[in-house]
Structure formats: structure tokens, C-alpha cells
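This briefing is meant to be read beside the sequence and the structure.

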Amino acid sequence: MPNAPPAASFPDGLCENCQAQNDFHYGNFDHLASEELPRSHAITIPIGTLEDILNRQSQCAFCTLVISAISTAWKQSPLLTRIDEKPVACRIRNRVVGVVRKPGSKTAYHENFRANEYQYTSCRLVIECKPAPPGCHSDVEIQAVDSGPELKGLFDNAPLFTKRPSQKLRSIDFDLVRKWLTYCSTSHPRCTPDPVNSTDPYLHVFRLIDVSTLNIVSAPPAAPYAALSYVWGKAPFLRLLSSNVAALSLPNALVPSTLPPTICHAILATQNLSLRYLWVDALCIMQDNLPEKSVAISAMDLIYARANLTIVAASGTHAGSGLPGIEPNSRDLAPYEITIGFPQSRYRFAPARSSPPDVIRQSAWNTRGWTYQERLCSHRLLVFSQQQIVYLCGEAAWCEDTVLETESELVHYEAQPLYRLNMPNDATNSFMKDVEAVEKGGTSLFGEYARMVDEYTSRDLTFPGDVLDAFEGGLKRFQERGKRSGTDVEFVFGLPTRWLELGLVWEFQMGGRRRFETWRGFSGKEMPFPSWSWMGWVGKTDAKVLEPPTRPEIEWYYVDPGEETPRRLMTEPVLDPNPGWFQTSDAPRVFRERWKPVGSPTAVSSSILRDFDPGELAGKLVFYTSSCFLTLTKKADFLSGKANTFSIGNNVGFVNLDPEWAGQHLGQTFEFIVLARYLTNDWEEPGMRDTLWVMLIERKGRVAYRVGVGNVNESSWVSADPTWQLVALG
């Protein structure tokens, strides 16, 4: 059976099932397109199995549209109606993608179903398909084509939120893209590229592609340029080397036949945007000159932050993928040109393209490690996807498909400006929840850092040893963010020294393994990534976004690569900025002196480390702390949802470990060391119920290495006969 009939044979009416839904207030199609279902009720309406809908499509316009939308989203023909022998069940709900507030109404969004807070609400119909085939999204969306408020778009004589005519997407409308750039340049001051500082060391090796003469040139001072962000892949392609730099500097050296499609298309896009220069890492950094390459990598944040625009190859998995829409017929537009009307409906409906945030979130580009900092540092993104072009800046998110351009402060639509460090979460019935969260504030600097780490560690690196280099630009942007709020932040191997205790107690979401690739330090010598940093491991982290109340107990010292003298790292207490029910006090911590005896050494100097070989402590933390031996007993049954959490002793604490490693070592005794104090509620027995942040370590010679982190009750710790020791943590 075909997945959808040809356009000429679309049925005019509705099947009995869909007619009954359309007669139901909440299920009415016009209602779903214009009024959010109550969030607190989590309303979804069953519309049958996918097989049922396929069987009804010959007699039903809505079933035909649903099949067309699912076929387009899943890229399947015929559709799989059963997954692992389970029938695919379909339900319908909606989600808000834009609102126009009434003048004088509050900005914050509350559930106000059928209230008078808004003069217009735009929703998408969401078809939930469960289970979905592997690699396919379970949510498929349908949009109203011609619904819109009285407000018109800036560049179209059409209402906001309406779908642009299909013929406008047959080829890229660079006139529209230039209008986006011009408007942003004149009306969005915060999106202005960073100014150039003539003393920056990278400028003496900064090259650009001149797209008018098609060659590599030394960058003219403060010349406007576009930067390309793309996935290299593993296939070889033309790169700048010491052997070809002279040849590639000649006019017309960069002919299309010598370039991979992505770079060739980026040159054409730059020309169409009336920019003369383009920066591409493969052709603007001499790849076999390590000193030059190091200088350029350390300046990645500046290169992208100073670009007028970053061109993003979102669909590509390698440099040969190209930019969809540059070449004729390189985008599949036909599925989105289908529009269907229903009896008694004011609107026509069509399969929906991905919204601007989803274009990025669902892209291959968004899974790569290097592209994270490129997104983070850019002020403007022009994103090329198979569905459409999307423009993202610090103030707006615009696209080819839908009229979204407005300067009205009454309008809110589904967009995440670049200056929020992360894209929105998937699981939300309304993007306005994100608006509420941002307006309420409360996210601390450390919370922002933790989210950065969690997102970055979920990405892939073609060369795992790039883990620090590919994140350095993001850390520099974060440091600037801190300075704007009066907070200086220093990093050692990706951990913020200001909040080192919390930085050290990152966990894995599932499991992780040690990263054995090395990093070439500033001294030019290769060294391993330390076990105490998440950079020393492969696996998605669960950093402490919620910031458990933590107090320092240890004096931390760090030996910089190339140095022999340890330097002290100054840390500060961390308390939840809005603890609510939590109360702490300055009551004496009654157990402290039993594991941290008065008069015990805490300072570390070069003389104390004289027994270590020269260079042995490079990149290591050195400190005095309390140590004891405890038994790893079982999987922590009180945290049944976390397969990587295991009990210590008779439930005196727990530790986060790689499940495979832990499964091989249950019942064995290991050394643990104290990292910090984890304050507990002081409502009763002040100072007596704290726990300690601890690390399970393994020693190799005189150096200890992290295996996992967790908590132990302080009272249980002192009962385990701890000793005070000097630890070198590698």
C-alpha cells in the first residue's frame, strides 16, 4: 500500500474516527492549531495505530496528512507499522510555538488555557508515534499553513507565523538572508562581532580566503569575514601545508574541482552575501606547522567571535557533503508542499519542517566536539540543512519556511538566542516553559559551566586527543562571561579552580572509560590527561548543575606542565543560591578533628616534593587529605534508576563507578580519600550529620588515580581508622 496518495487524489472528507475527534472540543483541528492544551492535564488524544491510519487514509484527509508527515520525517516507504513486534500507536497533542501578548500583559507565561492574556497563539499539532523505529523521532509535527495574527512580518506582506509560499524555497533566497544580516547589524547591538585587538598573537598567522580572487591571503586589518563550521570527516581533502602555501596564495588557485563541496559551496554563499573573505580552518591554518597550529587553536574563540557570520554545514557528516540548497535540486522540498484542508476548518495544514532550534539539535553537526565551541563563540549562525536555512543570533531565530521576523516586544516564538549556552530541552509541551525558567533566573555560573560540560561530553571527537583543544574556546567564552559578572575563573584541564571541589565530583550518566590519548602541552611535551578531570575519560558526564552545598576541607596545589614548584589553587564554599528547605549553620563540625587532626600538615612546598622525579608531577594535583580503606559491596538499591551507583560498606555511603569495572570488583576493599565536606540539613543535631565527598583511588607507584567519586557519612568515616597523607593525584 502506498504511504500517501498523489495530491490530486487527496480525499475531501474525514473518516469516522477523525470526524469524532474534530467534533471534540480539545481535539478540534483549528483548536489544536491555535490554543494550547492544558499542560497540567498532559492531554494527548489517541488516533489509532499506524496500521489503522494507513488503512483509513484513502477515505480521510487528516489520516492522509498524518501518513505524509510521518513518511517525510522517518524517510520510509513503506512505513514500518510494528517495531519489535509491537504495533506503533499514535496519539495527538499540541505545543505552542509562538504567542502575541496583549499590550500591558505580563511577560511570564502561566497556564492560562482559554484566558485573555494573549491576542494570538500559534501551535503545532504533534503526532506521537510509539515505539518509533531506531534513529527516527517519535514526535512528528503538522502546522497550520495560513493562520496568523494581524501583525505582519518585517520583510513580508504576510502575517507572522504563516508559512511562506513553497516556490520561495525552490532556491535559496539570498535577498532574504541579506535582509536578516542587515537588520541584525543595524538593530541588534549585542550581535556585533568582537573588536579586533591589534596585539593578539594569532594575527600574524591569520589567513582568509579571498572569495573574489579565489586564493589564500593574509587577513587585512579588521576585514569583515564569514567563518565556516563543518564536520571534516576522515576522507582526505585539500589542506594548507608548508609545501603548497605559495601555490594557494596565487589568484584562482582555489578552483572548484580542487575543493570538497562544503568549502566550495561556502565560498559561493559568501559571494552571495556580499562578503569578500571566508575563514576555513583546513585552508587558513597551516596544518603541518605545529607552532602556528597551536597559536590558531588557542585563538578559535576570537576567530569565530570576530566573524560577521558563521556558515554552518548542519547536514553534513564530512567535507564532501556540501551545503543543501546551493546546487539545484539538492533539497527535498516536495513533501512539505502538500497542503490539505478539512471540512469546517478555517485553516489548511501541511507537514511541518523542523523549527529553528530543532534544525540544529537534530543535525549531525551538533553531535561533533569541535563544533560546540564554534557555536558557542559565534554571534550569528547561518545554518544550512536539508529542510531549510535557519538564521540564529543573540536576539532572534529566523528561517526560510515561516514568517518570524518582527521587532514587536509582544511577540514570543520558539527560539533560543545564541547567548544562552545551551539549546532547549526536548521534553517540553510548551517552549514557554523555557521562557519562564530564563525569566526566573537562578542559574549560577557554575551551573552554566556544568551544563556546558554535560553537553560537550555527549559529543564525538574524530581524534579523542582533541578533547582540550576543542573546548578551549568555550572555556574562554565562559571566562569572559564570568568577568562581566565580576567573577574571575581559572581552569586546569577543564575544571574551574574557583569551585574545584564541585569540579572534581563530576559523575558519569552511565559509564565511562579512561582516555589514553595524550595532550601536547604548552611545553611541547606530550602528557596524559589526568584522571581527576572529566577530560581524562570518555563518557557523558553528569556535572553538578544543582550544586550540592559544599565546603572546602583541603588545600589544593597544582604543578603546571613545565614547572616544578606547586602553586596553591584558591577555592570557595558553594551553597545553593536558593536553598529553600535547606538550612545550614556555623556549628562546629564535631567529627572533623578525628579525621583531620589539629596541627596536621596542609601546605605543600617544593621541599616536600623533593623525592619525586623532575617532571613526574606535571599536571597533577598535590595535597594532604584523609585516607581510609572501605569495601565496595553492591549496587546501590536506593538509587535503582542509576545503574552506575554502588554502595560502600553497610550503606555508609555510595560511589559512582563504571558499571563494568564495578561488577568485577564487588566485595573488594579500596582506598578512598576526602575531597570536601557535603553539608547536610542542620535542623537537628547541628554539625553531626554531614557527609564527605570522597574519591575511590588506585595507586601506581607514588601517584594515585581516580576510579570514581561519591559520599560517605562523616561519622562512618572516622570509624574506619583514617590516616592523614600526602597525595599526588594524576
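Is R306 buried or exposed? R306 is buried, because its relative accessible area is 8% and the cut-off for a buried residue is under 20%. The model is a predicted one, and the search that covers the whole of it finds 35 salt bridges.

- D200 lies in the loop between helix 5 and strand 7 (207-210), while R306 lies in the loop between helix 10 (300-305) and strand 11 (309-313), so the pair ties together parts that are 106 residues apart in sequence.
- D200 is buried as well, with a relative accessible area of 14%, and R306 has a value of 8%.
- A salt bridge also joins the side chains of R348 and D146, with 3.0 Å from N to O. This pair links distant parts of the chain, since R348 belongs to strand 13 (residues 348-351) and D146 to the loop between strand 6 (139-144) and helix 5 (174-187), and the two are 202 residues apart.
- R348 is partly exposed, with a relative accessible area of 38%, and D146 counts as partly exposed at 36%.
- R702 and E616 form a salt bridge in which the closest N and O atoms are 2.9 Å apart. R702 is placed in the loop between strand 33 (691-700) and strand 34 (703-713), and E616 in the loop between helix 17 (592-595) and strand 29 (621-635), so parts that are 86 residues apart in sequence are tied together.
- R702 counts as partly exposed, its relative accessibility being 38%.
- Salt bridges with shared partners also join E553, R592, K596, R677, D690 and E714 into one network.

**Helix 4 and the residues that follow**

- K75 follows helix 4 and has a positive phi, near 55°.
- The peptide bond from S77 to P78 is cis, with omega near 0°, and P78 is found in the loop between helix 4 and strand 2 (82-83).

**Other backbone details**

- A cis peptide bond runs from K130 to P131, with omega near -5°, and P131 is found in the loop between strand 5 (118-130) and strand 6.
- L214, a residue other than glycine, has a positive phi near 55° and is found in the loop between strand 7 and strand 8 (215-218). L214 is buried, with a relative accessible area of 19%.
- A222 is likewise a residue other than glycine with a positive phi near 55°, and A222 lies in the loop between strand 8 and strand 9 (225-229). In contrast to the buried L214, A222 is exposed, with a relative accessible area of 61%.

- An open sheet is formed by 8 strands in the order 8-7-10-9-11-14-15-16, and the pairing within it is mixed.
- Strand 8 and strand 16 (397-399) stand at the edges of this sheet, and each has a single partner strand, so one side of each is left without a neighbour in the sheet.
- Neighbouring strands of the sheet are turned against each other by 30° on average, with direction ignored.
- Strand 7 and strand 8 pair in the antiparallel sense over 4 bridges, and I209 stands opposite I216, which belongs to strand 8.

**A pair of helices**

- Helix 12 (residues 369-377) and helix 15 (residues 469-484) have axes that come within 7 Å and cross at roughly 20°. Because angles under 35 degrees count as roughly parallel, helix 12 is roughly parallel to helix 15.
- The crossing in which helix 12 passes helix 15 is left-handed.

Conventions:
Residues numbered from 1 in each chain as written. Predicted model: local features only at pLDDT ≥ 70, side-chain atom pairs only at ≥ 80, totals over all residues. Heavy atoms only, no water. Salt bridge = Lys/Arg side-chain N within 4 Å of Asp/Glu carboxyl O. Buried < 20%, exposed > 50% of the residue type's maximum accessible area, 1.4 Å probe, protein only. Pairing = 2+ DSSP bridges. Axes fitted to C-alpha atoms, helices over the stretch in contact; angles between N-to-C directions. Parallel < 35°, antiparallel > 145°, perpendicular 65-115°, else oblique. Left-handed = near helix turned anticlockwise from the far one by under 90°.
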